[in-house]
Amino acid sequence: MEALIFDQLSLDYHHVLQAAAGTAAETARDDAIKRNYGKYVLIVDGGIPLGQGGALSTTGGKSGLEIVRNAARGAALIVAVGTCATFGGIPAAAPNPTEAGGTLDALRELISKGEVKAPVVNVPGCPPVPEVMTGVIVYFLTYGKVPPLDDLQRPIPFFGRTVHDDCPRRPFYDQGLYAQSFDDEGARKGYCLKDLGCKGPTTFNACTTVKWNQKTSFPMYSGHGCLGCAQPKFWDREGGFYGKLF
Ligand code: SF4
């Protein structure tokens with residue numbers, strides 16, 4: 001990730017990482033759009049309040065909705081990172097008072113009018129897997145196109161399988177051996193965590209294959225079930241985090 005940012009890309013605008021602030025920051029973004037129109041990668045992070053015309057979230061006097069729409073018009077590629085930017089995430093949890101949505105929700109009208117031509121790739125996850133974000137951008141820089149996408153605009157090479165498909169606890173699932181508490185004998189032996197609320201069977205992500213922290217671990221390795229954070233509406237899922245799926 002560091003090599004991509006430092007050696008391959010020019011990070012012209014970022015709320016947190018840029019040195020500029022205030023008017024200088026907003027000017028840097030507008031200048032970058034003009035200078036690179038049609039050629040830049042737009043990475044969107046965070047849910048977008050769509051209610052009241054976007055007026056519930058503003059930066060420098062402009063709504064987040066206006067800023068993302070304006071930036072999207074000149075982009076060559078749009079990558080929505082995180083479950084908030086892809087599906088609305090926690091800001092869109094019921095009762096969703098700001099009518100928050102994801103990037104596609106914010107851009108749908110412009111896409112249908114042909115004002116936004118760039119492909120939109122969704123990389124959900126709370127947080128999203130860094131290697132997946134990097135992989136999408138590197139694929140685009142290498143091949144000049146986006147990887148194959150599924151019906152939720154997620155890159156199939158990373159979201160083509162559920163975390164359950166490749167889980168190391170899967171052999172126990174297949175034998176019907178389930179832990180009944182996080183500290184019982186079965187949990188210590190690596191039994192499946194389905195009865196403790198694991199959402200792995202219905203969650204598509206690369207956690208079990210790419211893993212986290214430079215391939216160190218991921219939830220089911222460390223004894224916790226999957227929360228399903230990469231799926232739409234995961235926060236409002238029936239049963240909550242620890243309710244059984246089936
Ligand atoms: S722990 Fe979760 S992901 Fe792993 S086998 Fe059991 S249900 Fe599937």
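## Largest cavity

In this predicted model, the lining of the largest cavity comprises 7 nonpolar, 2 polar and 3 charged residues. The residues that line the largest cavity are His164, Cys167, Arg169, Arg170, Tyr173, Cys192, Leu193, Lys194, Cys198, Gly200, Pro201 and Met220.

The volume of the largest cavity is about 90 Å³. Searching the whole structure gives 1 cavity of 30 Å³ or more.

## Largest pocket

The largest pocket holds about 1400 Å³ of space. Elements that contribute two or more residues to its lining are H1, H2, strand S1 (40-45), strand S2 (48-49), strand S3 (58-59), helix H3 (64-73) and helix H6 (130-143). S1 supplies the largest share of this lining, with 6 residues.

In total, 40 residues line the largest pocket, and Tyr13, His14, Leu42, Ile43 and Val44 are the ones nearest its centre. By class, the lining of the largest pocket consists of 25 nonpolar, 11 polar and 4 charged residues.

## Nonpolar surface patch

Leu11, Val16 and Leu17 form a nonpolar surface patch of about 320 Å². One of these residues, Val16, sits in the loop between helix H1 (2-8) and helix H2 (22-35).

Is Val16 buried or exposed? Val16 has a relative accessible area of 67%, and residues count as exposed when this value is over 50%, so Val16 is exposed.

Terms used: Residues numbered from 1 in each chain as written. Predicted model: local features only at pLDDT ≥ 70, side-chain atom pairs only at ≥ 80, totals over all residues. Heavy atoms only, no water. Patch = residues over 30% accessible without salt bridge, like charges linked within 9 Å, V, L, I, M, F, W, Y side chains within 5 Å. Areas by Shrake-Rupley, 256 points an atom, 1.4 Å probe, with all protein chains shown as cover. Salt bridge = Lys/Arg side-chain N within 4 Å of Asp/Glu carboxyl O. Helix = DSSP H or I, 4+ residues; strand = E, 2+ residues; numbered from the N terminus. Buried < 20%, exposed > 50% of the residue type's maximum accessible area, 1.4 Å probe, protein only. 1 Å grid on protein atoms, 1.4 Å probe; cavity = no way out; pocket = protein on both sides within 12 Å on 5 of 7 lines; lining within 4 Å. Points joined across faces, edges and corners; volume = space filled by probe spheres on them. Nonpolar A, V, L, I, M, F, W, Y, C, P; charged D, E, K, R; others polar.
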